[in-house]
Amino acid sequence: MNRIGIASYGIYIPEKVVTAKDISEEFNIPENIVIEKQGLREKHISKENEMPSEMALRAAEIAIENAKKSGIEKNDIGAILYIGSQWKDYNVWLISTYLQEMLGLHKAYSLDISAMCAGMVSGLYIAKSILNSDTSIKSILLIGSSKESYIVNPKDPKTTWMDDFADAGVAAIVSNNLGKNLILNSDFLTDGSLWAGTLLVTGGAKQPFDEKYCYNKRPYLESLLSKEEFKQKMESVSLKNFKNVILNAIKKSGLKKEDVKMVFLNHMKPSFHYELLKSIGLTNENSIYLNNYGHSQSADQFIALDIAIKNKIFEKGNIVFAAAGTGYVWSATVIRWG
């Protein structure tokens, strides 16, 4: 079996900053609650005319340039997997083929894959599986993007927890016979009883476009569950499921939880973040909390890893990328970084 690892990654963060005060005023939530309870000091959002494809493209270009340090050239990429938000420039549209054309990767094939906010964590597993089964492919480019801050309705009391939604682009190049940043094993768990937790009602086959489902002339994310029902369901399963996929991925990788140095997660409320770390025998020092970034869909894990590396908090060792995606899916992938 090939030694498959991450040759490089790229992150694009929009310049515009939204502060806790801004969020407080927009969502009518006290600023101290936004900061202390929701764990959000600021976040980045894109310009109105800055499309998901543009953010994805910028992140991909950075990853391709960084891959040269590992001896991976652009033409080594044999497949492109888009693993970001489903809310793209257009509906019923393969953003991966557009990115393929813009990057000039005409010899690669491209696919759109969706696991919501667990996209990158799941994508690493899928990329490794493809490389193991098709040795003619040397490298796979994973690309994600999110502009979901634009489809949150601050006037909908059922979805005020989405006030941390931020925008970003992310990309990673996964290569065979690399010998560094090795992708070990993964674990997944889904709960279909939460299928109605978050979705766009309008614009699909069941509900044609209707402005009553829009805010600021855009369709907005909704929950078909009451806020209390959604909260109860999540509180009863989320911690348990997160813990299970993380510990199972570690076990599948032939490791013990004591062998893990860092865990990189989606942005979530701080109390849950720290409770999750504690449940797997880790502390705040074993993770990065994204209170200056918010939740940028499938980019969160690489943003946190990048912070840890650049601030010399982490250099090498076993790490876990873990995420939850609405629908609902929990996933974890173990990486031997360095």
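Colleague: What is the relative accessible area of Asp112?

Modeller: This is a predicted model, where local features need pLDDT of at least 70, side-chain atom pairs count only at pLDDT 80 or more, and totals for chains, interfaces and linings use all residues. Residues are numbered from 1 along each chain as its sequence is written, and side-chain values use heavy atoms without hydrogens or water. Asp112 is partly exposed, between buried (under 20%) and exposed (over 50%; 1.4 Å probe, protein chains only). The relative accessible area of Asp112 is 24%.

Colleague: Which residue forms a salt bridge with Asp112?

Modeller: A salt bridge needs a side-chain nitrogen of Lys or Arg within 4 Å of a carboxyl oxygen of Asp or Glu. For Asp112 the N to O distance is 3.0 Å. The partner, which counts as buried at 15% relative accessibility, is Lys88.

Colleague: How many residues apart are Asp112 and Lys88?

Modeller: Asp112 is in strand S5 (residues 109-112), whereas Lys88 is in the loop between strand S4 (77-82) and helix H4 (95-103). Helices (H or I, at least four residues) and strands (E, at least two) are DSSP runs, numbered from the N terminus. The pair links distant parts of the chain, and its separation in residues is 24.

Colleague: Is Lys310 buried or exposed?

Modeller: Lys310 forms a salt bridge with Asp306, with the closest N and O atoms 3.1 Å apart. The two are separated by about one helical turn because they are 4 residues apart in helix H8 (residues 300-310). Asp306 is buried at 14% relative accessibility. At 63%, Lys310 is exposed.

Colleague: How many salt bridges does a search of the whole structure find?

Modeller: Another of the pairs is Glu65 with Lys68, at 3.2 Å from N to O. Glu65 is partly exposed at 46%, and Lys68 is partly exposed at 43%. For the whole structure, the number of salt bridges found is 7.
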